[in-house]
Amino acid sequence: MSADKSTSWSYAEDLPAEDEVMLRARERSFELGVTPIGAGVGAVLTVLAAGSKAQTAVEIGTGAGVSGVCILRGLGPQAVLTTIDVDVEHLKAAREAFSEAGSPANRTRTISGRAGDVLPRLTDSAYDLVFVDADKPGLPGYVQQAVRLLKAGGLLIINDALDKDRVANPAIREANTVVLRQVGKAIRDDDRLASAMLPTGDGLLVAVKK
């Protein structure tokens with residue numbers, strides 16, 4: 001990356017302004033040892049949620065609510081976010097963030113459990129947006145379930161899809177990097193999806209179900 005390109009990336013990442021609600025959610029993330037999405041990724045999530053006019057969204061990997069707040073801010077006033085995490089403390093922190101953001105309780109559904117166990121219980125073709133920010137070994141299964149859950153025209157968004165720039169280097173064969181590389185190619189080659197890789201944050205892989 002050229003110096004100018006690196007500077008432009010940093011500028012774009014830092015451009016979104018975050019309010020006190022988001023800053024407190026970030027503080028909870030750090031206290032829980034969770035790495036939250038950056039401001040640039042958060043802004044893209046809000047824009048994608050708003051542009052898709054999603055009414056139903058699923059988040060795989062709640063963290064402490066930073067990404068959930070970003071998604072909720074893009075959703076319409078009647079839309080519902082279902083967020084899944086195995087850690088009850090993460091879900092508790094997220095509910096606090098959602099409340100501080102002014103989101104009514106009936107707009108969020110927090111589910112404690114492993115995503116691999118919870119996702120098969122959700123309804124086919126019932127969701128407009130699925131955001132994945134969870135364990136990399138489980139990613140192939142999460143993507144398979146996400147495609148099943150999405151309506152036609154629905155959005156699949158995968159965070160950290162470039163794995164801190166490791167995915168682009170074929171010499172790196174770490175397990176998580178290999179999984180992300182394989183998932184990216186599988187989504188690219190899936191006739192049911194139209195996809196693009198965005199360099200925002202550590203990479204956002206975005207796909208639309210045809």
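This is a predicted model: local features need pLDDT of at least 70, side-chain atom pairs count only at pLDDT 80 or more; totals for chains, interfaces and linings use all residues.
How do the residues that line the largest cavity divide into nonpolar, polar and charged?

**View 1. The largest cavity and its lining.** The lining of the largest cavity divides into four nonpolar residues, one polar residue and two charged residues. The residues concerned are V132, D133, A134, K136, L139, I158 and N159, and the space that they line has a volume of about 30 Å³. The count of cavities of 30 Å³ or more comes to one.

**View 2. The largest pocket.** The largest pocket has a volume of about 780 Å³, and of the 35 residues that line this pocket, V34, T35, D133, A134 and K136 are the closest to its centre. D133, A134 and K136 are also among the residues that line the largest cavity. Helix 4 (66-74), strand 2 (80-85) and helix 6 (115-118) each supply at least two residues of the pocket lining, which by class holds 13 nonpolar, 14 polar and eight charged residues.

View 3. Seven strands, in the order 3-2-1-4-5-7-6, form an open sheet with mixed pairing. Strand 3 (108-112) and strand 6 (193-198) stand at the edges and have a single partner strand each, so one side of each is left without a neighbour in the sheet. Neighbouring strands of this sheet are turned by 15° against each other on average, with direction ignored.

**View 4. The hairpin of strand 6 and strand 7.** Strand 6 and strand 7 pair in the antiparallel sense over six bridges, and L198 has L204 in strand 7 as its bridge partner. Five residues lie between the strands of this hairpin, in which G201 takes a positive phi near 60°.

**View 5. Helices packed on the sheet.** Helix 3 (residues 39-52) packs on the sheet, where it touches strand 4 (127-132), strand 5 (150-159), strand 6 and strand 7 (204-209), and the direction of helix 3 makes about 180° with that of strand 5. Helix 4 lies across strand 1 (56-60), strand 2, strand 3 and strand 4, and runs at about 165° to strand 1.

**View 6. The contact of helix 2 with helix 4.** Helix 2 (residues 20-31) and helix 4 pack at an angle of about 155°, and their axes are 9 Å apart. Angles over 145 degrees count as roughly antiparallel, and the two helices are therefore roughly antiparallel to each other. From helix 2, the residues V21, M22, A25, R26 and S29 meet V66, V69, C70 and R73 in helix 4, and the residues of this contact divide into six nonpolar, one polar and two charged.

**View 7. The contact of helix 2 with helix 5.** Helix 2 and helix 5 (residues 88-100) pack at an angle of about 170°, with their axes 10 Å apart, which makes helix 2 roughly antiparallel to helix 5. V21, R24, A25 and R28 in helix 2 meet A93, E96, A97 and E100 in helix 5, and by class this contact has four nonpolar, no polar and four charged residues. V21 and A25 of helix 2 take part in this contact and are also among the residues that meet helix 4.

Key. Residues are numbered from 1 along each chain as its sequence is written. Side-chain values use heavy atoms; hydrogens and water are left out. On a 1 Å grid over the protein atoms alone, a cavity is a set of points where a 1.4 Å probe fits but cannot get out, and a pocket is an open set with protein on both sides within 12 Å along at least five of seven lines; lining residues have an atom within 4 Å of a point. Grid points are joined across faces, edges and corners, and a volume is the space filled by probe spheres set on the points. Ala, Val, Leu, Ile, Met, Phe, Trp, Tyr, Cys and Pro count as nonpolar, Asp, Glu, Lys and Arg as charged, and the others, Gly among them, as polar. Helices (H or I, at least four residues) and strands (E, at least two) are DSSP runs, numbered from the N terminus. Two strands pair if DSSP finds at least two bridges between them. Axes are lines fitted to C-alpha atoms, for helices over the stretch in contact, and angles run from 0 to 180 degrees between N-to-C directions. Contact means heavy atoms within 4.5 Å. Angles under 35 degrees count as roughly parallel, over 145 as roughly antiparallel, 65 to 115 as roughly perpendicular and the rest as oblique.
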